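Dear colleague,

Please find the structure below, together with its sequence.

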Amino acid sequence: MILDRQSRLNTAEIRARLNSTEFSSPNINADEISQFIELFQVYEGAMYELSTKLEILDNEFQVHFSHDPIHHMERRLKSVNSIIEKLHRKNLPVNTKSIKDNLFDIAGIRVICNYRDDVYSVSNYLSQQSDIQVLRVKDYIKSPKQNGYRSLHVIYAVPVFLSSGAHYTPVEVQFRTVAMDYWASLEHDLRYKTDLPDTRYSEHSQTLLDCARSLQNIEVQMQQIHRDINSAPRLDNAPQSHPLIKSDDSL
């Protein structure tokens, strides 16, 4: 199952947002707006191309192993306002070249898997496909963040074939288990959607850290049971990192 966080590319909406957004220059011109729209089209194409590959992998697992490793997927394109805000934070000019050279999370897919083995199996099989490239890997499952966050982040370069030829475009993919996603959603709410006093915030943060450790132990036990009763492949190593670009930590 694929969940889209917004409808498909709406060029009229993008044009309106670009015209209404405050830029460093008084107004963005018509040619620049067209370039933005074309760029969004390429990112959307890369996102859909990669999600199709993931669906095919999931179906293949079902045929060969009677097991669906992917519970569901979520896709999203970063909004125009978010892109411009990020460029401003980085003191970068607002244009398509700046986006292509510096932002690698415009297109994002979150792949929610059933088990930890599934995370590595799906990510490795995807990484081995000859027509895509692995640009960067951050494995927060084997090396969790201090707050307890766990997920495998991979940036892929995916070819999008247009009339002008193939355009290799980055897509950031976060692979995680259902339990990891459940935990991350609550931690995100605590960080960004609350005005709790500092003491209560600290208490909840510590509790979430304890929960992350407990969930990890539970996942290991359930994974062992799953391994014992199923024959799905195991790939314990993350894709090899290619240090070309820096990955953003969130979709």
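**Salt bridges**

K86 and D105 form a salt bridge, with their closest N and O atoms 3.0 Å apart; the term denotes a side-chain nitrogen of Lys or Arg within 4 Å of a carboxyl oxygen of Asp or Glu. This pair links distant parts of the chain, 19 residues apart: K86 belongs to helix α3 (residues 80-89), and D105 to the loop between α4 (96-102) and β3 (107-113). Helices (H or I, at least four residues) and strands (E, at least two) are DSSP runs, numbered from the N terminus. Please note that this is a predicted model, in which local features need pLDDT of at least 70 and side-chain atom pairs count only at pLDDT 80 or more, while totals for chains, interfaces and linings use all residues. Residues are numbered from 1 along each chain as its sequence is written, and side-chain values use heavy atoms, with hydrogens and water left out.

K86 counts as buried because its relative accessibility is 9%, and D105 is buried at 1%. Here, buried means under 20% relative accessible area, exposed over 50%, and partly exposed in between (1.4 Å probe, protein chains only). Salt bridges that share partners join K78, K86 and D105 into one network.

The structure holds ten salt bridges. Another of them connects E219 with R150, at 2.8 Å from N to O. E219 and R150 are both buried.

A further salt bridge joins E187 to R191, with the closest N and O atoms 3.0 Å apart. These two residues are four apart in helix α6 (residues 178-192), and therefore separated by about one helical turn. E187 is buried, with a relative accessible area of 8%, whereas R191 is partly exposed at 40%.

**Strand β3 and its neighbours**

Seven of the seven residues of β3 are buried. On one side these are A107, I109, V111 and C113, and on the other G108, R110 and I112. Strand β2 (residues 70-77) pairs with β3 in the antiparallel sense over seven bridges; two strands pair if DSSP finds at least two bridges between them. β3 and strand β6 (residues 165-177) run parallel and are joined by six bridges. I112 in β3 stands opposite H72, and its bridge partner in β6 is R176.

The 36 residues of helix α2 (residues 30-65) should span 52 Å at 1.5 Å a residue, and the end C-alpha atoms are 53 Å apart, which agrees. The expected span is 1.5 Å times one less than the number of residues. After α2 comes S66, whose phi is positive, near 55°.

Three aromatic pairs were found in a search of the whole structure. One of them is the tilted pair of F61 and F65, at 5.5 Å centre to centre and 55° between the planes. Rings of Phe, Tyr and Trp (its six-membered ring) pair if their centres lie within 6.5 Å; planes under 30 degrees apart count as stacked, over 60 as edge-to-face and the rest as tilted. F61 is buried at 4% relative accessible area, while F65 is partly exposed at 27%.

Yours sincerely
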